[in-house]
Amino acid sequence: FKTLDDADVTGKRVLLRVDLNVPMKDGAVTDRTRIERVLPTIREISEKGGRVILLAHFGRPKGKPNPEMSLEPIAPVLSEMLGRPVGFADDCTGPVAAGIVAALTDGDVVLLENTRFHAGEEANDAEFVDALASLGDVYVNDAFSAAHRAHASTEGLAHHLPSYAGRTMQAELEALEKGLGNPERPVVAVVGGAKVSSKIDLLQNLVARVDALVIGGGMANTFLAADGISVGKSLCEHDLAETARAIVEAAKAAGCEIVLPVDAVVAREFKAGAASETVDVGAVPQDAMILDTGPKSVEAVNAWLDRAKTLVWNGPLGAFEIEPFDRATVAAARHAAELTRAGKLVSVAGGGDTVAALNQAGAAADFSYVSTAGGAFLEWMEGKALPGVEVLKA
Ligand code: 3PG
């Protein structure tokens with residue numbers, strides 16, 4: 001794929017797809033990581049004299065304007081972080097957008113309203129793609145985290161304009177290649193999170209590609225139950241017992257070791273500071289629920305990390321958002337961070353709660369790469385081709 005090194009952006013109108021789908025509360029951005037990630041590409045294009053026209057989505061407004069999903073509150077945050085004015089147009093096509101784009105001078109930056117306010121975005125329909133394309137001379141995609149969507153602004157545009165990967169997209173693809181594409185072995189995958197149902201494809205792909213698969217979080221309960229272990233009141237998808245057993249079988253066949261918890265932290269209530277105890281997985285009380293992976297299990301995970309050359313991590317090992325059930329996630333994340341810092345491990349993490357969990361552990365900065373992608377990271381871990389990436393390679 002081509003990068004900004006190959007692009008001539010000076011004096012050009014550059015349609016730059018970014019991911020500004022950031023967590024917000026009461027109209028304020030609560031986590032700026034995704035915004036930080038796109039700053040280098042915006043700066044580079046602007047400094048080279050390109051006219052930066054930012055395209056992004058927010059939420060899932062289903063093709064209709066929705067004031068609650070406006071990108072307008074993001075423009076001042078972006079402006080503050082960039083240290084330069086960022087204009088805003090309250091429509092991404094039509095006369096409003098055309099007017100603001102026509103008024104841009106070299107180096108200017110403008111943000112256009114949520115592309116998903118138009119049904120043509122998700123439909124990737126020709127008319128909408130044309131409307132967007134008419135605003136630019138060049139297309140740069142820096143939104144890996146939206147690259148699993150074949151939408152007008154993530155895929156369609158690349159068929160119409162000279163197309164390039166932005167710096168974050170580039171860094172992401174390079175890191176992912178080191179993680180699973182062409183990794184140094186042994187490779188350990190850590191997969192956590194609540195449910196097996198959302199990660200079946202991922203687990204199936206991983207067992208064929210990694211040397212050890214650590215399963216933690218709520219989803220481990222489903223595997224334990226499938227093995228005849230009573231998990232009390234824990235979150236558990238009993239209907240997926242067969243699927244869990246099939247994944248274990250596939251792992252055996254592929255020579256991948258599945259690492260399940262041997263002990264667990266249990267409580268009767270799911271709230272901060274709830275009375276908890278650590279028990280072996282065979283001794284979970286009937287009225288209790290598993291809320292974290294236990295310390296013996298964490299030792300086993302860390303021992304695998306010691307042997308590994310590469311780690312891919314998706315999902316927390318316990319209910320990390322509520323203390324004290326963050327301990328396993330924090331301990332394993334810190335160990336991985338230490339090994340990475342010492343140059344012994346390449347560590348790539350991403351997806352959903354993962355960034356938040358690693359940040360909480362103070363480990364994110366030491367990981368080799370932390371992706372801000374949720375669904376896109378999962379699909380990549382599932383071994384799927386991402387339309388927004390494929391089109392850049394074409
Ligand atoms: C994300 O937050 O994962 C991306 O911005 C994609 O959002 P989507 O799942 O609504 O397509």
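Predicted model: local features only at pLDDT ≥ 70, side-chain atom pairs only at ≥ 80, totals over all residues.
In the unreviewed UniProt entry, the annotation "binding site" covers Arg34, Arg116 and Arg149.

Arg34 belongs to helix 1, which spans residues 33–47, whereas Arg116 is placed in the loop that joins strand 6 (109–112) to helix 4 (119–123). Arg34 counts as buried because 22 C-beta neighbours lie inside 10 Å, and the cut-off for a buried residue is 20 or more. Arg116 is likewise buried, since 27 other C-beta atoms are found within 10 Å.

| Residue | C-beta atoms within 10 Å | Contacts |
|---|---|---|
| Arg34 | 22 C-beta neighbours | Asp19, Leu20, Val22 and Thr372 |
| Arg116 | 27 other C-beta atoms | His57, Arg60, Pro61, Gly63, Glu121 and Glu122 |

Within helix 2 (residues 74–82), the residues Ile74, Ala75 and Leu78 are buried. They lie on the same side of helix 2 because they cover an arc of only 100° around the axis. In general, an α-helix has 3.6 residues a turn, so residues three or four places apart point the same way. The buried residues of helix 2 pack against helix 1, as well as against strand 3 (28–29), strand 5 (87–89) and strand 6. After helix 2 comes Gly83, which has a positive phi near 75°.

Definitions and conventions:
Residues numbered from 1 in each chain as written. UniProt positions renumbered as here; feature names shortened; annotations may be inferred. Helix = DSSP H or I, 4+ residues; strand = E, 2+ residues; numbered from the N terminus. Buried ≥ 20, exposed ≤ 12 C-beta atoms within 10 Å, placed from the backbone. Contact = placed C-beta atoms within 7 Å. Arc of directions from axis to C-beta.
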